[in-house]
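I record here what I looked up in this structure. The entries follow the order in which I consulted it.

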Amino acid sequence: MTRIVRYIFYDILRTRFILLYTLFLLISTFALFQLDSDAGKVVLSLLNVVLMVVPLISVVFTTIHFFNSYEFIELMLAQPVDRKVIFFGEYLAVASSLCFAFLLGTGVPMLVFGAGPSAFTLLFSGVVLTLVFVSLAFLSSVLTRDKAKAIGIALLFWFYFSLIYDGLLLWIIYTFGDYPLEKVTLTLIAFNPVDLARIIMLLQLDISALMGYTGAFYKSFFGSSTGMLFSTGILVVWILVPLWAALRIFTRKDL
Amino acid sequence: MISIKDVCKSFGKIKALDQVTLDLVKGKSYALIGPNGSGKTTLIKSILGLVIPTSGDIDFDGKSIFGDWKYRDRIGYMPQIGRYPDNMRIGQLIDMMRNIRKGTGKTDEELIDAFRLHKMYDKRMHALSGGTRQKVSAALAFLFHVPSLILDEPTAGLDPVSVEILKEKIMHEKRMGKLIIVSSHILSDLDELTGDVVYMYEGRVQYNDTVEALKEETNEARLGKAIATLIRQRELLTSVSDSR
């Protein structure tokens with residue numbers, strides 16, 4: 001399996017899509033460091049890039065790649081290998097190349113301009129978000145045989161978690177503002193990986209006070225090491241559950 | 001060697017395979033023919049475990065293939081469309097396939113030599129023409145000394161010289177007593193290569209006998225003509241039974 005992963009990894013690294021992605025991250029990170037000398041503020045601006053762009057690129061690239069390698073996957077499955085091996089091989093290759101591009105694009109400028117612990121947290125949440133959305137994109141890819149439909153489902157995941165979910169959450173908080181909602185919102189946030197990554201980041205930057213009373217509540221919950229472990233654990237669940245569902249479908253699927 | 005029993009496969013409402021029963025015997029070579037959408041590719045994919053039949057059994061060497069993958073080390077497969085990762089080199093692809101089939105011992109590089117692929121080991125897949133990719137597919141199918149070969153449209157897109165090389169190789173493997181299944185629309189090629197005909201239509205096996213028997217039955221000397229006559233006879237029969 002290592003050789004399968006390695007060769008597919010090399011192949012993906014040379015695709016124009018990944019090269020452009022790396023370049024885009026490099027340029028925007030450098031530019032932000034040029035605009036502002038305060039590393040904390042730069043990390044905060046970068047956070048918005050990471051929360052929007054990383055999931056989008058991950059879902060789009062993964063689905064396109066899956067369908068472009070359809071015939072190749074077929075050929076590999078005609079060889080004496082377990083379907084699981086091919087599935088995990090593809091997942092690892094796609095996920096590691098996207099993570100590599102992200103780390104290179106954002107990590108290198110950060111090292112150049114000096115990185116604090118908040119920079120590492122940003123890199124960490126970017127990597128975890130990549131893994132989550134690659135899992136979700138694999139799920140949408142195995143759900144259908146139609147490339148356009150799969151990209152549609154994958155984009156829907158992105159829309160939902162990046163834009164729609166926050167709106168719903170705000171609506172709930174406004175409507176039921178008279179009730180104590182801390183525990184409810186905390187639970188609801190666990191259902192959105194993007195929000196979890198944002199919370200981890202905001203707590204690290206120590207600006208949770210800006211989020212008012214709820215922010216203080218998060219601080220008291222997430223700020224402790226158990227809180228950090230909890231949110232990371234939920235994110236890991238967000239990686240594993242879609243991946244497991246995708247694997248189940250893939251092993252029974254007609255190609 | 002491969003026995004297919006009452007295999008049905010439907011995709012939604014479409015019946016791709018309908019009660020297919022077929023015995024593919026070692027040492028014989030089969031021409032799998034039929035119009036587009038008759039279920040040839042679905043049948044091949046079922047044998048390879050890529051498509052899972054709705055009902056029925058497929059045995060390979062007496063063992064059911066369902067839930068198994070190890071039996072595939074005895075099959076060489078050449079797909080109809082060879083599409084590979086754009087930036088992978090030919091050498092990497094061959095190395096990867098070798099790595100997947102680690103335990104199979106010595107490899108058969110006759111086709112790699114005949115197609116002069118050695119010189120192109122460093123070329124990337126996106127730089128190759130369709131014909132060259134087809135050559136790579138062929139070389140991969142024959143790379144391991146396997147007892148059965150499944151070739152889906154092997155000669156489509158190849159230049160005349162390469163077609164002859166490939167046909168020569170298939171004939172050579174046939175003489176060595178291997179099971180060969182060739183699906184193709186180029187019937188003149190199949191005439192030389194195969195001894196048995198499996199004709200499929202609308203998901204059913206309509207005819208399964210030797211090429212000689214087919215030619216005798218239809219009074220035709222060439223396989224192409226014989227098949228055309230067979231189809232016409234069948235159509236006549238069905239139209240008669242339909243009108244009743």
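**Entry 1: a loop residue**

The model I am consulting is predicted. I located Q80(B) in the loop between β6 (75-78) and α2 (90-100) of chain B. Leaving out residues up to four places away in sequence, I found that Q80(B) touches T41(B), D152(B) and E153(B). For Q80(B) and T41(B), which are 39 residues apart along the chain, I read a C-alpha separation of 8.9 Å.

**Entry 2: a sheet in chain B**

I then traced an open sheet of 4 strands in chain B, with the order β2-β1-β4-β5 and antiparallel pairing. Its edge strands are β2 (14-24) and β5 (63-64), each of which pairs on one side only. Helix α1 (residues 40-48) of chain B packs on this sheet and touches β1 (2-11), β2 and β4; I read an angle of about 60° between the directions of α1 and β2(B). Strand β4 (residues 55-60) pairs with β5(B) over 2 bridges in the antiparallel sense, and F60(B) stands opposite K63(B) in β5(B).

**Entry 3: the nonpolar core**

Which residues touch the most other members of the largest nonpolar core? Among its 133 residues, I found these to be V132(A), V134(A), F138(A), A139(B) and I181(B). Helix α6 (residues 117-143) of chain A supplies the largest share of this core, 14 residues. Setting aside neighbours within four places in sequence, I listed L24(B), Y30(B), L32(B), I150(B) and L151(B) as the contacts of I181(B).

Terms used: Residues are numbered from 1 along each chain as its sequence is written. Chains are lettered from A and ligands numbered from 1 in the order in which they are written. This is a predicted model: local features need pLDDT of at least 70, side-chain atom pairs count only at pLDDT 80 or more; totals for chains, interfaces and linings use all residues. Two strands pair if DSSP finds at least two bridges between them. Two residues are in contact if their C-beta atoms, placed from the backbone, lie within 7 Å. Axes are lines fitted to C-alpha atoms, for helices over the stretch in contact, and angles run from 0 to 180 degrees between N-to-C directions. A nonpolar core is a set of buried Ala, Val, Leu, Ile, Met, Phe, Trp, Tyr and Cys residues joined through C-beta atoms within 7 Å. A residue is buried if 20 or more other C-beta atoms lie within 10 Å of its own, exposed if 12 or fewer, and partly exposed in between; C-beta atoms are placed from the backbone.
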